[in-house]
2 protein chains.
Amino acid sequence: MQTDKRLVRKENYDKKELNLFETLFGNSNGYIGIRGTLEESVPEDFPTMRGQYLAGSYEIIPMKQAESLCNLVEKKQTMLNIGDTQTIKLTINGEEFAPAKGGASSGERVLDTSEGYTQRSVLWKSPSGRQIKVRIRRMAHFMIKELFTIEYEVEALDFSSEAVFDSWHVAETPNYSDPDDPRLADESPCYLSVTKQGFSGYTSYSEAQTLASKVRIAIATDHIVCAPSDYDTMVREEGGALITRIRVPIKQGEKITIIKYCAFSDSIREADPLKKAMQVLADAMKRPLTGLYDDQKNYLSEFAARSLMEIGGDDELEDAVRFNMYQLLCAAPHDAYSGIAAKGLSGEGYEGHFFWDTEMYVVPFFTLTDPHLARNILAFRYSTLDKARENAVLVGHKKGALYPWRTITGVECSGYFPSGTAAYHINGAISYAVIQYFFATGDEGFLKEMGLEILIETARLWLDVGVYDRQGRFCIQEVTGPDEYTCMVNNNYYTNASARYNLLYAAKLYEQMSADPKVAKLAKKLSLSDTEIEEMKRAAELMYLPYDEKTGINPQDDSFLDKPVWDLASTPKEDFPLLLHYHPLHLYRYQVCKQADTVLAHFLFPDLANKETMEKSFRYYEKITTHDSSLSTCVFSMTASMLGLHNEALSYFGDSAKLDLCNRHENTKDGVHTANMGGCYMAIVNGFAGVRITEEGLGIDPFLPEGITRYSFPFTYRGSDLKLSVDRDNVELELISGDEAEFMFRNNKECVGKEKKWTHRL
Amino acid sequence: MQTDKRLVRKENYDKKELNLFETLFGNSNGYIGIRGTLEESVPEDFPTMRGQYLAGSYEIIPMKQAESLCNLVEKKQTMLNIGDTQTIKLTINGEEFAPAKGGASSGERVLDTSEGYTQRSVLWKSPSGRQIKVRIRRMAHFMIKELFTIEYEVEALDFSSEAVFDSWHVAETPNYSDPDDPRLADESPCYLSVTKQGFSGYTSYSEAQTLASKVRIAIATDHIVCAPSDYDTMVREEGGALITRIRVPIKQGEKITIIKYCAFSDSIREADPLKKAMQVLADAMKRPLTGLYDDQKNYLSEFAARSLMEIGGDDELEDAVRFNMYQLLCAAPHDAYSGIAAKGLSGEGYEGHFFWDTEMYVVPFFTLTDPHLARNILAFRYSTLDKARENAVLVGHKKGALYPWRTITGVECSGYFPSGTAAYHINGAISYAVIQYFFATGDEGFLKEMGLEILIETARLWLDVGVYDRQGRFCIQEVTGPDEYTCMVNNNYYTNASARYNLLYAAKLYEQMSADPKVAKLAKKLSLSDTEIEEMKRAAELMYLPYDEKTGINPQDDSFLDKPVWDLASTPKEDFPLLLHYHPLHLYRYQVCKQADTVLAHFLFPDLANKETMEKSFRYYEKITTHDSSLSTCVFSMTASMLGLHNEALSYFGDSAKLDLCNRHENTKDGVHTANMGGCYMAIVNGFAGVRITEEGLGIDPFLPEGITRYSFPFTYRGSDLKLSVDRDNVELELISGDEAEFMFRNNKECVGKEKKWTHRL
């Protein structure tokens, strides 16, 4: 049943496609991210985003407010383009191999998600008529996170001459800019300044530092040449670049291969990043490239064992889902020094900032497939808890922590607070992920060391911001829910529901563990009183969740239904996404949603409304949602699954699964939509398969949508490795390893043991 | 009864006071505004705002948004500092007369509001021990608007020597900046570049132009020397400055006087501004200074005849009120090329922008004392109607005009739209002023030519933004009322009430005049249909005005009462104004008001609520209003008067009257609070005296507050010049000139004829 795990695209050196391919055929491993740029030079008007990134690296730059108001954010962090080591210019007989600039070419790009590399193959006829074949394979190594390699093979088809490779190492490179798109930075300075660089033998090295954040980035590169003839290597510095020139005679029919090893390090993780980069480089070069490729393959084979999704009857869909899951892996930090950016490490969209996306859309994937990675992400949030406390103070709170809406270091970077800092549901997302992680793993150590403190501090914030109204209901005012087409509202259903969950389990889990010395110590540190715990329980219990009798739905907020409904049918197609074509004040006045909001709340917290209300709400919001956000269709799919709306579930899922592969939002060039990729996973696992993890345990309630013949996926639950398979006839749960697992199947308690599969005939 | 019309202050050259005196002792005439800076040089750390301004002159500068959203304002206009012609450095024996830098001095500053000049008198002992007496009188001429004069007299008390005057003319001067205060610009570039300058004989001249707006400013200066001995004049250019050096022998006991004439013009008003400035200068210099002073005196004597306020029993209060009224005159444009800035022409606070303040607080003064000036201001708004239409389109409206919240040219300059562009009540203020002007003057010509078009286009905007809710009420959502501590709310009582007035009279006045050919032409031009007029009437009739049964008040907006009340009693004094100490999101969550909002609505539209509701509301809002805005206490005073709360009326009035004289908000240094000055006038005329102008005519309903023995003031109503006097025993209305006037006294129709005063015994 295994389909080809390769994404293959013909390469036309088309301007529009180039940038898209840079994203789709990039190499990331959770630490380094290298855009799939061409090695050679491109015409000047090619809109290339020539970037290399390290997770969590940043500069702090001014972000002047047009009108200063008290405590508004006036500085932001921005992800660094840490250098350029992907440039290799091949010249033969004075002609640079540059198919985008001239000559005739045919070729393709490949991303192999089971071997973990990208590859470019080109057959090129130079302007003077010489033909060469070029094959370039690039890899960001999953096990040696600091390592990136380029294997550059060239074959002379109809001539003999000399090949000259100029391999570049540039430590000062500007970030990408596009002043016309609000989702990208519009400044383009070079944030890094070289503090030292040069060659040690043939090894190029550099260390560069930012002005404000003082982050240092170290890079080292070196080359191995495989050629039948003798070759000649010369190094030079030119205009700030470190250039290694390799001259090799090339004969007709012969192949020459240059292997470029690049190692990266940073001062966030290492005291002496240059030393680290040099060490990694030296160690890697001791090993044959084939061995490094084998590592990669083995790593991905383990990844597949933990997560491989099989979808029968729709190979394209299966490919899309696997591509997405691979991208999630590429985005996942391997330590607690960074979160997951909106675009992972695949591009500069949203400036490398981490949003609620991470916890709400991406963490669930890791919680079920690689809990250790999920823990890293949550540990990063824990490491920034003090900054979240400071953020709460800035906004005027007397207690608690308010996580920043967008950040790299944990300090708020929102320039427009009404749809930034006001999105308090970031606290809900982080606490939800903590609680879910705990329910799924039973990792009490994490809870005692980090999780509970997050839960208590976020819950405290809800207590501080909320008020009891005149009917005694706990209300949360002037916040912005997930749907940013309505801002600063009162009693956003989603926010209130997620605050309720936060408050409830902060109190409950604390009470369950309060006897533990670590927890007692924490309570003392936080001056946490029983009264406060009671207040949390009371606020959760009395949380106001708006319901409208007339329509029978949960309104998105107190005044949502008083607004006129946006006439989507008459809105010209070119006016989408609306946010790029309408003033926010105008958007705020209508019933129109950028993305799922109440519909997401219903999926996450189904106990808070009855099925009829949820279905009516689904139908209501469906009509007024533009899905201008990439976080939307996956949620509609999940909720449709939950409500038994199987056709809708599959249809929304399809939209979600191929968003980047088909460039549906026309902005994949700026990076992949990481959250949507997580949401796509959830749409299958939590949607189709109905996997739910609650305080009570694991539940499954699967269905098989029309159009596919089966699906199956492994997952881990409280140490048991399981595999769920669903086809037309059967649901099967297999215990792969670990202890026997109890679970609920619909309303029945079931168990899968070591010796047998559990099967249910549909 | 006439008290001294001079403001006199001892001058200590104290750093804090210097800037305040620059405002209080500035010279403006509605066209030019010259800060009361010292002529000589000051220590470098003196925070001087050394400015000269011309009404309506501006540069367009970038205003980058921290986060770009669709159609947000990214450019703003900013008032120019048009040059420096007030600098005159006097050197005697190598010692510069500079009391702020050294030596011993005593002296005073004077503003004479009946003669229209400011004067500095200093007795100075130089560091080397020489004593001189200096008297400097400055005037911005009310009749020759382009003319500013400095009469500089010096007397040697105990020595004989030579006096050297260096009189400067600098055409490129930077604007003031203070990066710590959000109410001021934080950039300090020089917006003007000299295109030509030099001397023509002894006349210095310059023309300078801005980069973006292309506004050209022309200046010409020259001098007359009155000295017993021969003197010597030399001119030179030095570092861009045009310097006229006058050397005069000075003998003990002798006085020397230099008269500096400065003339200004601009390309907004004149095709050849330099020619104009030169002409004005030449004409002015033909006249003796005494004659120019007489002009000024005569002008102010006429101003007094139209407006002089007498308050018995409290000279200080009377002085304060007269000071305020004088400042209003100084701010009033004499043509339709500019509005009235928040600080008039007295300083750079709010960057010279015009707000709703003009129409709501300042126009009423002119409507009753000099309707022609009121007409100018409204004509300026008419001239920018097309820009208001464009503004409406930017925010997403399909029809109508939305006036900008802050502007110089008519183009929106709000950097933060939630408390900028969202303050749609600017439309309400402008339409209210138009309607009131018409009711007070009967100026049908204005209505047909300009007023009706304003009314119809603003009314159309309300139709476009408003919606009927499920109960059939006309609702206006996502707008910000006058109180900026709550933003983007639904059904702000004030906004809805003023929209109702706008809609009602747009329809009514149109219908009354629709037979007129001009009006018919207008209707055609605007494609105005009877249906639309019916829609306006319907929206006015069904306008939703929130009322809360439980408290018996009109809530400020739909959700205002659901919020917790800010604990003002426990708020530290240094936390005021709150806007400088709390994040807006925090402020928005509380019942706390920066200024009158519903309380203003009750004053303007008393028919919309009964007295009990208004009194309860007054008491309610009084407790939660900080008066952080200078527009607040005057309104509380007026409304208190209306409600018969006489003690409160006087107390709030006192706060308002002396706001600038006593520097109550500690920011008078940035300019006077023009709107509050207008509000202070209204607090007496519309408050104490109960003057009301409605469709039905003039009404008066006066009372005499405790603490004052009488008050009287002249005013004009539909061409009749009247004078109202109120003392303990009588109310008296006198017809000074014009036709007999009918009016309502409380509930009775009365009339004052040509031959007699109307008197009512209290």
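How many residues does helix H10 of chain A have, and how far does H10(A) reach from its first C-alpha to its last?

## A buried helix in chain A

Helix H10 (residues 493-513) of chain A has 21 residues and reaches 30 Å from its first C-alpha to its last, close to the 30 Å expected at 1.5 Å a residue. Of those 21 residues, 17 are buried, so H10(A) is largely enclosed by the rest of the structure. Buried here means that 20 or more other C-beta atoms, placed from the backbone, lie within 10 Å of the residue's own.

## About the model

This is a predicted model, in which local features need pLDDT of at least 70 and side-chain atom pairs count only at pLDDT 80 or more, while totals for chains, interfaces and linings use all residues. Residues are numbered from 1 along each chain as its sequence is written, and chains are lettered from A and ligands numbered from 1 in the order in which they are written.

## Two helices crossing in chain B

In chain B, the axes of helix H6 (residues 371-383) and helix H9 (residues 444-465) come within 10 Å and cross at roughly 55°. H6(B) and H9(B) are therefore oblique to each other.

H6(B) brings Arg375(B), Leu378(B), Ala379(B), Arg381(B) and Tyr382(B) to the contact, and H9(B) brings Phe446(B), Met450(B), Gly451(B) and Ile454(B). Contact means C-beta atoms, placed from the backbone, within 7 Å.

## Where the chains meet

Chain A and chain B each give 41 residues to their contact. On the chain A side, the elements that give two or more residues are helix H7 (385-395) and helix H13 (584-588). The largest share, 4 residues, comes from H13(A).

Definitions and conventions. Axes are lines fitted to C-alpha atoms, for helices over the stretch in contact, and angles run from 0 to 180 degrees between N-to-C directions. Angles under 35 degrees count as roughly parallel, over 145 as roughly antiparallel, 65 to 115 as roughly perpendicular and the rest as oblique. Two residues are in contact if their C-beta atoms, placed from the backbone, lie within 7 Å. The expected span of a helix is 1.5 Å times one less than its number of residues. A residue is buried if 20 or more other C-beta atoms lie within 10 Å of its own, exposed if 12 or fewer, and partly exposed in between; C-beta atoms are placed from the backbone.
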